[in-house]
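Hello,

Here is the structure I promised to pass on to you. Please have a look at it first, and then read my notes below.

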Amino acid sequence: MNDTVPSPFPDTFLWGGATAANQLEGAYDQDGKGLSIQDILPQGIVGPVADGPTPDNLKLEGIDFYHRYAQDIALFAEMGFKVFRFSIAWSRIFPRGDEEAPNEAGLAFYDRVLDELEKHGIEPLVTISHYETPLHLAQTYDGWRSRELIGFYERYVRALFARYGTRVRYWLTFNEINSTLHFPLMGAGVLTPKEQVSKGERYQAAHYELVASASATRIAHEMMPDAKVGCMVIAAPFYPLTPAPADVWAAKQTERDTYFFGDIHVRGEYPGYALRYLREQGIELDITDADREILTNTVDFVSFSYYMSFCETADPEQKAGQGNLLGGVPNPHLASSEWGWQIDPVGLRIIANDFWDRWQKPLFVVENGLGAKDQLVEVDGVKTVVDDYRIAYMNDHLVQLGEAIADGVEVLGYTMWGPIDLVSASTAQLSKRYGFIYVDRNDDGSGTLERYRKKSFAWYAEVIRTHGASLRPAR
Ligand code: BGP
């Protein structure tokens, strides 16, 4: 990172990229695949819920990774990826979610993906459930509000572990599991409109997911002794808006919405502050003794997405102006992305240190990146995107991650979000691009689906090749 100090990134560091089935595969109804909740969310989190698949839903075709995976994985290999994070679409394996037997054609697709990864020596990192609850489970059971989903999920993970157990070592149980408290449909397949889902019902859905996650960890360890299972949370430091003790306490309280999930995954029981909160809110959860026993199956590592930090305040008036995904108060010291996400590289060092100090479990940064509007141009006769803004974002975050490693934090790897342009989770746009690889597809669905290397493609390849030594010191 400068000429004299060696790079803090270990040689074993897993550099790579991360995706989710529903955002890139397309082929939404092919080879026996059932519908998922994504097929009724044409405008992402913010938009209305449709009755079924609609032509304006870009996820139905995605970027056609389902047919182009070999070519795309070859491009990742060209950058030197050590790891590729992808999710398995639950409804490819169990089209409705509650069948007895898995769909062979769905299983076979991920065999083919794993074949390609093996060919290039890329380690797979598999998300078992990434905002992709089968639609039938949402419609019939209101998603994770029903305890029955635990059994369906267990059947699903057994099918995955039986099929891929010798090929996949790293598993994540639920993507951004803390999102269930904020977005019950995306996080937990709850079809009841968000406004009508009470706090208690959100915590109940989260509880069933937490039990399912711990159960998957137990089953994984039984069936695959070498497997490493991680939880996955949205990580975001909340800074007090002012040094007023009330603001400091408010920030700590809000951060606990996230810590709650990590604490249970790592410590195997509900933390005292959560029990107090539930008691005082008059929330009585369905938690059995058997659940408590299952929760003691703790994770091997903690993974997280990191895009931004927030401020928090105890002042109701200031709170009213809040924006952003988790609903924090804007920080006057930070600039924002074109989508209003506040950019804070140092926040990554802060949250990595906080998580490590709290849990002493290896960390894995499984999402980080900049969604931006890109312009395809021609340089020396080659089509590309000159995405210096993306390079700057990633450089500065990786420098801070390096600082955290130098601080003593154990970090297994870093998979940037969306190494190839894909459909946004929050807005379902294609124009919110994260990739090192540009995909010719537009928000109106037009485009050839051709792939082009952006400037950041060679930049990331160099970072990987030099184990981070090519990063520039933070500005
Ligand atoms: C996370 C999700 C991803 C991904 C990312 C970027 O919350 O786990 O699925 O999409 O955010 O968000 P967006 O696509 O909304 O820009």
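Asp142 is found in the loop that runs between helix H5 (135–141) and helix H6 (148–164). Please keep in mind that the model is predicted. The phi angle of Asp142 is near 55 degrees, a positive value in a residue other than glycine. Most residues other than glycine have a negative phi. With a relative accessible area of 14%, Asp142 is buried, because the cut-off for that is under 20%.

Asp64 is another residue to look at for its backbone. Its phi is near 60 degrees, again a positive value in a residue other than glycine. Asp64 sits in the loop between helix H1 (21–24) and helix H2, and its relative accessibility of 12% makes Asp64 count as buried.

From there you can go on to H2 itself, which covers residues 65–79. Helix H2 packs with helix H4 (residues 104–119) at an angle of about 10 degrees, and the two axes are 9 Å apart. Angles under 35 degrees count as roughly parallel, so that word applies to H2 and H4. On the H2 side, the residues that meet H4 are Phe65, Tyr66, Tyr69, Ala70 and Ile73. Their partners in H4 are Phe109, Arg112, Val113, Glu116 and Leu117. Sorted by class, this contact has 8 nonpolar residues, 2 charged ones and no polar ones.

Still in H2, have a look at Glu78. Is Glu78 buried or partly exposed? With a relative accessible area of 44%, Glu78 is partly exposed. Leaving aside its neighbours within four places in sequence, Glu78 is in contact with Arg453 and Phe457. The side chains of Glu78 and Arg453 are joined by a polar contact of 2.9 Å. Glu78 and Ala461 are 383 residues apart along the chain, yet their C-alpha atoms are separated by 7.6 Å.

Next, some buried residues. Phe364 is in strand E9 (residues 363–367), and at 0% relative accessibility Phe364 counts as buried. Which residues does Phe364 touch, leaving aside its neighbours within four places in sequence? The list consists of Leu14, Val83, Leu125, Phe301, Val302, Ser303, Phe304, Leu412, Gly413, Tyr414 and Thr415. Ala404 is 40 residues from Phe364 in sequence, and their C-alpha atoms are 12 Å apart in space.

Thr127, in strand E3 (residues 123–129), also has 0% relative accessibility and counts as buried. Beyond its neighbours within four places in sequence, Thr127 is in contact with Arg85, Phe86, Ser87, Ile88, Leu172 and Asn175.

Thr258 belongs to helix H9 (residues 245–267). Its relative accessible area is 8%, and Thr258 is therefore buried. Not counting residues up to four places away in sequence, Thr258 touches Asn178, Val233, Ile234 and Phe355.

Trp339 takes you back to a loop, this time the one between helix H12 (316–319) and helix H13 (345–359). At 21% relative accessibility, Trp339 counts as partly exposed. Where do its contacts lie, not counting residues up to four places away in sequence? Trp339 touches Gly371, Ala372, Lys373, Thr427, Gln429, Ser431 and Lys432. With one of these, Gln429, the side chain of Trp339 makes a polar contact of 2.9 Å. Trp339 and Phe86 are 253 residues apart along the chain, with 24 Å between their C-alpha atoms.

Lastly, the ligand. How many residues are around the ligand, and which come nearest? There are 13 residues around it, and the nearest are Gln23, Glu176, Ala425, Ser426 and Tyr434. An oxygen atom of the ligand is 2.7 Å from an N or O atom in the side chain of Gln23.

Key: Residues numbered from 1 in each chain as written. Predicted model: local features only at pLDDT ≥ 70, side-chain atom pairs only at ≥ 80, totals over all residues. Heavy atoms only, no water. Axes fitted to C-alpha atoms, helices over the stretch in contact; angles between N-to-C directions. Helix = DSSP H or I, 4+ residues; strand = E, 2+ residues; numbered from the N terminus. Parallel < 35°, antiparallel > 145°, perpendicular 65-115°, else oblique. Contact = heavy atoms within 4.5 Å. Nonpolar A, V, L, I, M, F, W, Y, C, P; charged D, E, K, R; others polar. Buried < 20%, exposed > 50% of the residue type's maximum accessible area, 1.4 Å probe, protein only. Polar contact = N/O pair within 3.5 Å; in protein donor to acceptor, adjacent residues only side chain to side chain. Near = heavy atom within 4 Å.
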